[in-house]
Amino acid sequence: MMKWLMIFAALLVALLVVSFGLGGRKEGALEIIGSTSVEPFAEMLAQEYEKTHPGRYVNVQGGGSTAGIQAAINGIADIGTCSRALKPEETGFTTFLLARDGLAVVVHPSNPVSNLTHQQIQRIFAGDVANWREVGGDDRAIHVITREEGSGTREAFMKLVMGKARVSRKALTQESNGAVKELVRNDPGGIGYMSLGLAHGLKLVAVDGVAPSAEAALSGQYRLVRPFLFITRGAPSERAKAFIDFVLWPPAQKLLEQEGLVRAK
Amino acid sequence: MRREKIISLLLMFAALSAISGLALITAFIFKEGLPIMMQVGLGQFILSSNWYPTEGEFGIFPMIVGSLAVTAGAMVIGVVFGLACAVLLTQFSPPRLVSIVKPSIELLAGIPSVVYGFMGVVILVPFIRDTLGPAMVSLHLASDPGPGLSVLAASIVLGIMVLPTITSISVDALQAAPRSYREGSLALGATEWQTTHRVLLRAARSGIVAAIILGMGRAVGETMAVIMVAGNTLDVPHSIFDPVRTLTSNIALEMGYAAGDHRKALFATGIVLFVIIMVLNTIALAVSRRRAGKAVAR
């Protein structure tokens, strides 16, 4: 009995040591926390940065825009990321615009509707228009898919499209860009919104006749555009500054453009 | 002797730390959630259907209905199949079969809930959206096939998840019924089935009720799988094909982002959930005590 206990304890200790050794946070790594929309791009930039700057490490985590701002304020993260414009009450830190992102309204690939006016989108998400027939599509119920309260993508959508109107109570709520994408890809009646850079494999709806693309967003024709921000408490630390400079540097900006984002002007 | 004492002290310490964990969690939830609940007003908080947390409107009525609807659905499925399984295993099957079936049902309890949720999303939701929903519409039993994510999908997934709890506790209850009941009933000329449903199921009734209530507690508390298949709308569901948001999903969906009053309102949601689960557990405890009392009286 005792012997087995000892073996068990030894195994446990070994497991702990190994897992910390492999996955533990590297000393002096730069911590980036925040928006799940920024996360994949920040991760790509981090990899690039680690490749070109040996000895520097970057940890990227999700959690959401609001969480990112919180993390920057209490110093949990060196850099917080945010995928919406800051609210008036959110002050007292330094922000860097790393890129801008188009917000795409997405539908099922088989959906014949390819253009919606700003107002139609608003009415669909508010629940006033409930059938695709009313906006020139098939006779099929519309399934509105939104994001959860606090999501940067949701807040950007609310500000850019909904204005004062509220999203319908009947809207399905999903907790990530990935979940929205999965749902719209499989539901012929679905409509959702997500980061333009992540909306592969779905049909992108033109808004007021302008098809969403990085170029249209850059030229200002496509209006549903939101900022991707880096946030630091006060001036950035030396290691945060180095990373931010790297991101704003033209080659990195070019990389972001290739991924479907709009470069920071 | 001294060694004995040290060990008993250590055990005492372990037991106390478990209990103090519970006490701390309770205190924390109430401390965080109660003020906002009072500020909004208990009636308003529980009975209002307006959940706009960033605009200061907190009403969780649709989620309370959602939790109850999904749980009720799960219990219909879990109880029918779980009880049938328990009866089969204790009354009508050879020991060899029992030794295979019972452990495999108990194994269901070890599968992570994300896996159940994933199976639900990949298999169940498309089936409901593309086959079952349209079929119901053509039979005029529903007005809209719905998006597949629904009370029904969540109920089925949860029903399967509570099967091991209900089955294994019911099996224990049925096995605990005195042998003489069964033998006496059969000796009086009752058939196997009459013996089972008139005598044994009644003798084991309180144990079965306890099993159902424990299963219910698990269904109310499940989060991950429900988020994946229930659709998480803010509306009160009108049919089993409507999507729904439960109390647990509400907390898990929004906690990551919430700040200020919104965060506190999520803790208040937790209080409501806590009260519901406490009530269920108290009933379960009372029922199983009554059973113990009866056994002594015998």
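Between chain A and chain B, there are 12 residue pairs in polar contact, both partners at pLDDT 80 or more. A polar contact here is a pair of N or O atoms within 3.5 Å; within protein, one must be able to donate a hydrogen and the other to accept it, and residues adjacent in sequence count only if both atoms are side-chain atoms.

Quick housekeeping: this is a predicted model, where local features need pLDDT of at least 70 and side-chain atom pairs count only at pLDDT 80 or more, while totals for chains, interfaces and linings use all residues. Residues are numbered from 1 along each chain as its sequence is written, chains are lettered from A and ligands numbered from 1 in the order in which they are written, and side-chain values use heavy atoms, with hydrogens and water left out.

Okay, back to the two chains. We also get 3 salt bridges between chain A and chain B, a salt bridge being a side-chain nitrogen of Lys or Arg within 4 Å of a carboxyl oxygen of Asp or Glu. Look at A:Arg166, whose side chain meets that of B:Glu57 in a salt bridge at 2.9 Å, N to O.

How many residues are in contact across the two chains? It's 26 from chain A and 27 from chain B, with contact meaning heavy atoms within 4.5 Å. Now, the size of an interface is often given as the accessible area lost when the parts come together. Chain A and chain B bury about 2,300 Å² between them, 51% of it on carbon and sulfur atoms; that's the accessible area (1.4 Å probe) that two parts lose on being put together, summed over both. On chain A's side, A:Glu149, A:Arg166 and A:Arg169 lose the most area to chain B, together 35% of what that side buries.

Next, hop over to B:Gln91. You'll find B:Gln91 in helix α3 of chain B, residues 61–91; helices (H or I, at least four residues) are DSSP runs, numbered from the N terminus. Is B:Gln91 buried or exposed? Buried, because its relative accessibility is 11%, and buried means under 20% relative accessible area, exposed over 50%, partly exposed in between (1.4 Å probe, protein chains only). The side chain of B:Gln91 makes a polar contact of 2.6 Å with that of B:Arg182. Beyond neighbours within four places in sequence, B:Gln91 is in contact with residues including B:Leu174 and B:Glu192.

Last stop, cysteines. A:Cys82 is buried at 0% relative accessible area, and B:Cys85 is buried at 16%. Across all chains, a search of the whole structure finds 0 disulfides, meaning pairs of cysteine sulfur atoms within 2.5 Å.

Note on methods: Helix = DSSP H or I, 4+ residues; strand = E, 2+ residues; numbered from the N terminus.
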